[in-house]
Amino acid sequence: MSKVIRNIKGTFDILPVNVSSDAAHEDTIWTWQYIEKNIRDILELSGFKEIRTPLLEPTELIARGIGQLTDIVSKEMYAFEREGTHYVLRPEVTAPVMRAYLQHHLAQQGGIQKLYYFGPCFRAERPQKGRYRQFHQFGCELIGTDSVYADVEVIATMMHVYSAFNLPNMKLLINSLGDETSRPRYKEALRSYFSKYESDLTETSKTRLEKNPLRILDTKVEKERVLLESAPKLIDYIDSDSKDQYVQLKGLLTEMGIEYVEDPFLVRGLDYYTKTAFELVSDDLGAQSALGGGGRYDLLSMEVGSKSPVPAVGFASGIERLLIALREAGTEIPEESPMDVFVVGLGEEAQKWSMLMAQKMREAKVKASYDLRGKSMKVQMKEAHRLRSQFVVIVGEDELTSKKAIVKNMETGDQQEVHFNDLVDYFTPSVAAP
Ligand code: HAM
């Protein structure tokens with residue numbers, strides 16, 4: 001075979017180094033780990049606990065949970081059948097978390113469940129900046145209460161993450177979708193409104209008009225956006241209970257100092273929502289402007305097989321979009337911690353000695369490496385530079401005889417001799433305690 005096999009379009013590798021040939025994904029694994037650790041710490045500050053669910057789920061869970069008519073289910077699922085079982089690569093994590101909650105009777109633990117997750121999701125979308133076929137989400141699900149304080153808790157937690165990264169130009173959009181009777185009423189109102197302008201609609205919107213008129217609200221076509229200005233607004237079609245909760249939500253957000261913008265056309269692309277819906281958007285992201293989004297989904301449990309509704313609310317965010325926004329904002333990510341020591345061994349005996357010394361240092365929690373290839377001094381020093389090693393320990397035949405190594409501080413250039421017996425101790429104070 002003459003050509004190297006490449007990754008699938010819309011997916012990408014996350015590498016320990018930045019390779020310029022793949023400029024779209026220039027963030028190294030170090031950046032990912034740094035971001036993930038910071039997010040994890042913030043989510044745990046609010047008492048959320050991690051849950052990990054499989055990447056493979058039964059197709060029925062996703063189709064019923066998210067809704068047959070959504071783009072995700074009707075067009076974007078990576079689904080396949082094997083020996084009579086239908087599988088899907090999860091396109092999101094809320095339905096899987098609800099499945100796990102019901103399957104393992106987490107309600108019996110008492111109280112509410114506050115769960116968070118990180119991990120890949122899969123959607124067969126047309127790839128572009130900020131939109132991939134395998135992307136990574138983090139998110140929170142708060143299950144077991146219909147209190148509006150839970151909505152605020154979830155929104156505040158999401159905002160805490162982004163404010164910790166100091167991102168500018170963000171906007172929190174909120175809306176209420178009402179109860180399960182509200183949306184059908186609203187769909188009818190939209191259908192009759194847009195029917196009057198059918199000849200002005202694009203072919204896509206004409207199809208949506210019939211199948212799911214809510215999707216017309218996402219239009220980017222200028223002519224249709226003008227029509228939206230006088231279109232019916234969801235808030236006028238929702239039940240009074242949802243309306244009261246929405247007013248309460250806005251009041252509490254204000255008390256928390258969380259700024260929001262009401263978006264009467266925010267309906268979200270998943271069918272499981274009732275009442276609160278929200279999205280965090282950024283002007284710095286281009287067409288794929290949503291950093292994250294979520295809402296309340298009190299009836300999803302019923303689609304997953306529960307006999308009674310389990311009230312719940314949550315959000316999920318794309319890590320790639322957060323990384324793009326951080327880059328746009330010019331945010332500095334601290335660099336990967338360098339190597340503490342690189343052991344340069346000259347000759348076969350010294351190489352063996354280096355192997356054993358590196359081992360001793362690692363046992364003492366000193367980050368150490370040595371030359372595996374038996375290269376020259378010059379090449380080994382180059383390797384030490386590449387690893388940004390703070391010190392090198394140089395040992396050749398003479399040093400093996402005198403049992404004293406040359407220790408070079410790579411930053412200052414200072415050199416000194418250190419007896420083999422004192423070497424590990426020499427480096428331990430400079431290393432942080434575990
Ligand atoms: P979603 O709006 O479909 O909601 O996705 C959440 C976030 O995932 C988006 O705001 C975006 O940042 C990211 N995202 C989605 N699709 C892609 C893609 N193709 N490429 C890159 N990033 C993407 C949900 O998934 C719900 N489960 C949120 C939720 C949690 N609702 C309640 N709890």
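How far is a nitrogen atom of the ligand from an N or O atom in the side chain of glutamate 125? The separation is 2.6 Å, which falls under the heading of a polar contact (a pair of N or O atoms within 3.5 Å). The model is predicted, and local features need pLDDT of at least 70, side-chain atom pairs count only at pLDDT 80 or more, and totals for chains, interfaces and linings use all residues. Residues are numbered from 1 along each chain as its sequence is written, and side-chain values use heavy atoms, with hydrogens and water left out.

**Ligand site**

- The ligand has 28 residues around it (a heavy atom within 4 Å), and Glu92, Thr94, Glu125, Glu141 and Tyr273 come nearest.
- The side chain of threonine 94 places an N or O atom 2.8 Å from a ligand nitrogen, while tyrosine 132 places a backbone N or O atom 2.9 Å from a ligand nitrogen.
- The protein buries 95% of the 660 Å² that the ligand exposes when taken alone (Shrake-Rupley method, 1.4 Å probe).
- Strand S10 (290-296) is among the elements giving two or more residues to the shell, and its share, six residues, is the largest; strands are DSSP runs (E, at least two residues), numbered from the N terminus.

**Five-strand sheet**

- An open sheet with mixed pairing has the order S13-S12-S14-S15-S16, where two strands pair if DSSP finds at least two bridges between them.
- Strands S13 (368-370) and S16 (415-419) each have a single partner strand, so one side of each is left without a neighbour in the sheet.
- S12 (residues 341-345) and S14 (residues 391-395) pair in the parallel sense over five bridges, with valine 344 opposite isoleucine 394 in S14.

Technical notes
Polar contact = N/O pair within 3.5 Å; in protein donor to acceptor, adjacent residues only side chain to side chain. Helix = DSSP H or I, 4+ residues; strand = E, 2+ residues; numbered from the N terminus.
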